[in-house]
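Dear colleague,

Please find below the structure that I wish to hand over to you. My notes on it follow directly after.

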Amino acid sequence: MKKTGVRFWIKVIVFGTGILLPLGVLGAEEFEIHVHGYISQGFMFSNHNNYLANTKNGTFQFNELGLNVSTEPSDKLRVGIQLAALDLGDLGNDRITIDWAYADYRWQDWLGLRVGKVKLPTGFYNKARDVDMLRTSILLPQSIYVETFRDTLVAMKGISGYGEIPLHAFGNLSYEILLGSMNIDREGPSTKGVEAPGFFKVDKYNVKKALLYGAAWETPLKGLRLGFSNLHIDFEYTGFITKDLIMPVPYPPYSITLPIKGLAFTGVTPDFLRTVFSLEYTWKDLILAAEYLLQDQNNIIHIPGLPSMERLLKIDGYYASATYRINDWFETGVYYSAFYKDRHDRKGTKTPYNPPFNVFQKDACLSLRFDPSDNWTLKLEGHLMDGTGLCFLQDNLNENGVPEYKKDWYLLAAKMTFSF
Amino acid sequence: MKKSGLWLGVLLFFIGWSVFPDVLIITNPDTHLSSLKKDEVRDIFTGKRTRWNGSGKIIIATLEDSEIHRVFVREFVKKTPSQFKNYWRQKAFTGEGMIPRIFRDEESLIEFIANTKGAVGYISAPTTKPVKTITITDK
């Protein structure tokens with residue numbers, strides 16, 4: 001986000017509070033200001049395939065920091081802001097952004113309103129995905145919490161309604177509805193995905209509408225929590241073509257070249273739909289979790305003078321995980337995660353994925369977490385990977401500019417976090 | 001040898017059981033209620049319930065890691081101490097809540113509750129200070 005964006009959100013908080021003050025919402029004689037922060041530095045290494053960063057050579061481009069301030073000016077109102085920066089290969093590059101910033105008016109426990117930039121509850125753990133010490137693993141299961149689509153899935157700006165509804169003998173239901181828009185980072189991983197075929201250069205995004213609704217049910221069975229969320233986004237992007245299109249004809253080696261290099265294009269994704277079903281069971285120090293993702297998106301590219309190109313993606317993914325707190329110092333976790341670019345062709349044999357294992361990415365992960373004090377967290381983890389469905393093409397070109405992948409590979413990660 | 005070890009285990013189990021502290025839920029005396037169910041206590045200490053019926057905002061007071069804190073979060077909040085800490089940290093780092101006040105000892109927690117309207121906390125033994133002890137109806 002640009003500096004003007006940061007200033008914009010600070011204004012929203014200041015003016016939002018200013019509007020609420022005359023309405024009598026602010027009534028407390030004095031209020032506390034809470035300040036919290038974190039700073040993480042990580043390292044990743046893979047034996048094959050660059051994933052998220054230049055991991056084949058080992059990379060320290062894997063860090064995050066954040067600082068938040070919040071206060072409760074009245075019994076029902078809370079305002080706060082978190083500034084954050086991250087670096088993950090090409091993503092973030094330590095630019096400071098507004099992670100979240102909003103005024104939260106909790107009229108009743110069953111109905112509250114938030115205005116501003118709000119974290120997206122798509123899956124049980126998405127809201128806290130930026131904060132390493134809040135989880136056991138270093139990388140969340142990538143089938144659901146895809147880092148390569150992170151900039152679109154973290155937060156939206158707009159208005160949100162939420163609440164807690166006690167169901168008495170049937171547990172407790174919490175819900176959240178968000179309506180607004182979002183900033184997709186032109187230099188973020190979503191752009192890298194669009195530009196992966198090597199034909200497009202994206203200039204800007206326009207998110208027309210984003211809507212999320214979800215609920216979590218704490219069931220009467222103590223420790224069991226079920227949830228779902230639905231995210232709809234209607235967005236478009238514009239840019240230009242970077243290459244002429246060469247079309248083969250039935251008489252090789254002849255081909256037809258369409259001189260489209262430099263032409264403007266418009267990409268439209270009118271009905272991006274992401275649904276996540278979640279389950280979590282906590283029994284003493286053991287937490288079991290599983291989530292399933294369905295994601296449909298119809299990408300249409302318009303180039304003046306040419307027929308529109310349309311591609312319907314039907315993605316799915318799932319994971320199952322277990323974490324166990326051994327004692328005050330140590331925690332361990334395992335998960336198995338599987339992501340598929342095409343849920344109707346899980347082996348990549350019908351669709352033109354080259355190589356076929358580029359249609360999926362399966363990940364068996366083992367993590368160890370060490371908390372020597374309240375403020376410090378150290379983690380180590382290993383991933384056994386099968387497939388390259390989440391590895392960017394641009395990161396895996398050989399010296400001749402040809403994509404080069406290996407099906408079976410491993411990734412090691414280490415991370416240290418200080419928080420307060 | 002084996003038999004004596006078994007008896008020692010049984011003895012330690014009962015000693016451990018007997019020194020397991022009782023948990024008393026206390027509030028500021030202005031709070032207009034005298035009893036709560038365990039689930040209601042859990043909802044309060046997880047921030048799902050933020051207001052007393054007709055008595056304004058609930059202000060949560062907790063203790064630093066201690067035996068009474070461990071017993072309280074396990075018995076009432078159904079979380080381990082680390083899960084409880086992580087739960088509130090998550091709220092703080094996602095903007096959905098503010099970490100409750102944490103007190104070093106029961107005396108300072110009692111002092112705070114006695115002087116703060118809407119405050120609620122937990123202690124291990126009855127006190128003569130001006131706080132209200134809440135009856136747990138389904139203990």
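Predicted model: local features only at pLDDT ≥ 70, side-chain atom pairs only at ≥ 80, totals over all residues.

Is A:His36 buried or exposed? At 12% relative accessibility, A:His36 counts as buried, the term buried meaning under 20% relative accessible area and exposed over 50%, with partly exposed in between (1.4 Å probe, protein chains only).

Residues are numbered from 1 along each chain as its sequence is written, chains are lettered from A and ligands numbered from 1 in the order in which they are written, and side-chain values use heavy atoms, with hydrogens and water left out.

A:His36 lies in strand β1 (residues 33-46) of chain A; strands (E, at least two residues) and helices (H or I, at least four) are DSSP runs, numbered from the N terminus. Leaving aside neighbours within four places in sequence, the residues in contact with A:His36 (heavy atoms within 4.5 Å) include A:Phe420, B:Ala92, B:Phe93 and B:Ile99. The side chain of A:His36 reaches the backbone oxygen of A:Phe420 at 3.2 Å.

Turning to the interface, 40 residues of chain A are in contact with 27 residues of chain B. The two chains bury about 3,000 Å² between them, 44% of it from carbon and sulfur atoms; buried area is the accessible area (1.4 Å probe) that two parts lose on being put together, summed over both. In chain B, the residues that lose the most area to chain A are B:Lys48, B:Phe93 and B:Met98, together 27% of what that side buries.

The rule finds ten salt bridges across this interface, each defined as a side-chain nitrogen of Lys or Arg within 4 Å of a carboxyl oxygen of Asp or Glu. One of them joins B:Lys57 to A:Glu72, with the closest N and O atoms 2.3 Å apart. Helices α2 (38-45), α3 (67-77) and α4 (81-94) of chain B each supply at least two residues of the side that touches chain A, and α4(B) gives the most, with nine residues.

As for chain B itself, five helices and eight strands are present, and 50% of its 139 residues count as buried. Among its contacts between residues at least 6 apart in sequence, 70% join residues at least 24 apart.

With kind regards

How values were computed. Polar contact = N/O pair within 3.5 Å; in protein donor to acceptor, adjacent residues only side chain to side chain.
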